[in-house]
Amino acid sequence: MAMVGERVRVDQSFKSKTSIVDIHILVVDDDATSLAIVSAMLRTLKYEVVTVRNPMDALATLRMQKFDLVVTDLHMPVMNGLELQKEVEEEFKLPVIMMSADDDESVILRSLECGVAFYIVKPVSPKDLKNVWQYAVAAKRGKFIAIEEIKNIPAESSVVSFEDQKSAASSVCQEKRSKKDSKRKGAPKMGKEDENEMNQGVPKRAKLVWTNSLHCRFLEAINHIGLDKAVPKTILEIMNVWGLTRGNVASHLQVLYSLN
DNA sequence: CGCATAATAT
DNA sequence: GATATTATGC
């Protein structure tokens with residue numbers, strides 16, 4: 001017996017001090033323990049959290065109250081997380097983050113391809129959840145563009161931008177931006193900025209940032225060509241991202257291997 | 001020489 | 001800690 005949408009803890013009095021921006025998250029998990037743990041973590045991270053124990057209640061709750069993000073378990077009776085995701089996308093256009101103890105890469109890949117924003121392997125750690133707000137704001141403004149900081153670039157070049165996941169392979173000239181995107185990532189804590197360096201001669205190339213969508217594309221490329229033939233050059237070709245270099249891919253591939 | 005991978009460096 | 005750069009070997 002699950003109540004639909006248990007109390008909403010609103011603490012409007014003081015927010016935005018420590019909180020990112022009052023992001024409302026719906027957590028759905030049939031396992032009460034897991035539900036409690038995850039929701040507690042999220043609340044600690046200053047998110048506004050509502051919990052439900054099955055996908056149907058989730059949909060009902062979503063209809064009653066506005067949310068920014070759904071975090072759901074994958075394995076659930078009657079309707080699993082992926083089916084829920086489908087519904088959520090259709091009806092609410094909200095990003096869905098999947099949680100599961102299943103760390104099988106093919107399962108992860110499949111989820112990602114189904115439109116899941118992010119996949120977290122249980123047990124969930126606070127670190128996994130810390131930055132989930134990004135998905136919410138990304139969805140709010142349509143597409144998310146991840147960029148790099150430029151230190152000192154005279155002409156064009158060197159900025160690697162990336163469109164969102166499911167956009168196709170065509171390379172550069174896709175214009176679709178509309179709002180003014182701030183260059184800096186709106187990270188919770190940012191310290192001082194602006195540092196001048198004596199810099200003459202050749203501008204340094206900006207460091208590539210492996211955004212989630214870029215990483216997903218990376219994974220999909222590997223999946224597409226098979227792990228055995230997944231070498232930097234091939235991956236690079238399949239990914240087909242402007243400005244991305246073989247060295248970038250090699251470096252990233254190395255970290256991927258290191259955490260196995 | 002081009003490339004992949006391992007080992008460092010930033 | 002993430003990404004770049006260099007070193008080594010094929």
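This is a predicted model: local features need pLDDT of at least 70, side-chain atom pairs count only at pLDDT 80 or more; totals for chains, interfaces and linings use all residues.
Q: What distance separates a phosphate oxygen of DNA strand C from a polar backbone atom of W210?
A: Residues are numbered from 1 along each chain as its sequence is written, and chains are lettered from A and ligands numbered from 1 in the order in which they are written. A polar contact is a pair of N or O atoms within 3.5 Å (within protein, one must be able to donate a hydrogen and the other to accept it, and residues adjacent in sequence count only if both atoms are side-chain atoms). For the backbone of W210 and the phosphate oxygen of DNA strand C, the distance is 3.1 Å.

Q: Which residue has a polar side-chain atom 2.8 Å from a base nitrogen of DNA strand C?
A: The residues around DNA strand C, meaning those with a heavy atom within 4 Å of it, are K207, L208, V209, W210, N248, S251 and V255. The base nitrogen, in turn, is reached at 2.8 Å by a polar side-chain atom of S251.

Q: What is the geometry of the aromatic pair formed by W210 and F218?
A: Rings of Phe, Tyr and Trp (its six-membered ring) pair if their centres lie within 6.5 Å, with planes under 30 degrees apart counted as stacked, over 60 as edge-to-face and the rest as tilted. W210 is partly exposed at 23% relative accessible area and F218 is buried at 0%, where buried means under 20%, exposed over 50% and partly exposed in between (1.4 Å probe, protein chains only). With 5.5 Å between the centres and 70 degrees between the planes, the pair is edge-to-face.

Q: Is D73 buried or exposed?
A: A UniProt record, in an unreviewed entry, places the feature "modified residue: 4-aspartylphosphate" at D73, although such annotations may be inferred rather than shown by experiment. D73 belongs to strand β3, residues 69–73, and, not counting residues up to four places away in sequence, touches V28, D29, D30, G81, M98, M99, S100 and K122, contact meaning heavy atoms within 4.5 Å. Because its relative accessibility is 6%, D73 counts as buried.

How values were computed:
Side-chain values use heavy atoms; hydrogens and water are left out. Helices (H or I, at least four residues) and strands (E, at least two) are DSSP runs, numbered from the N terminus.
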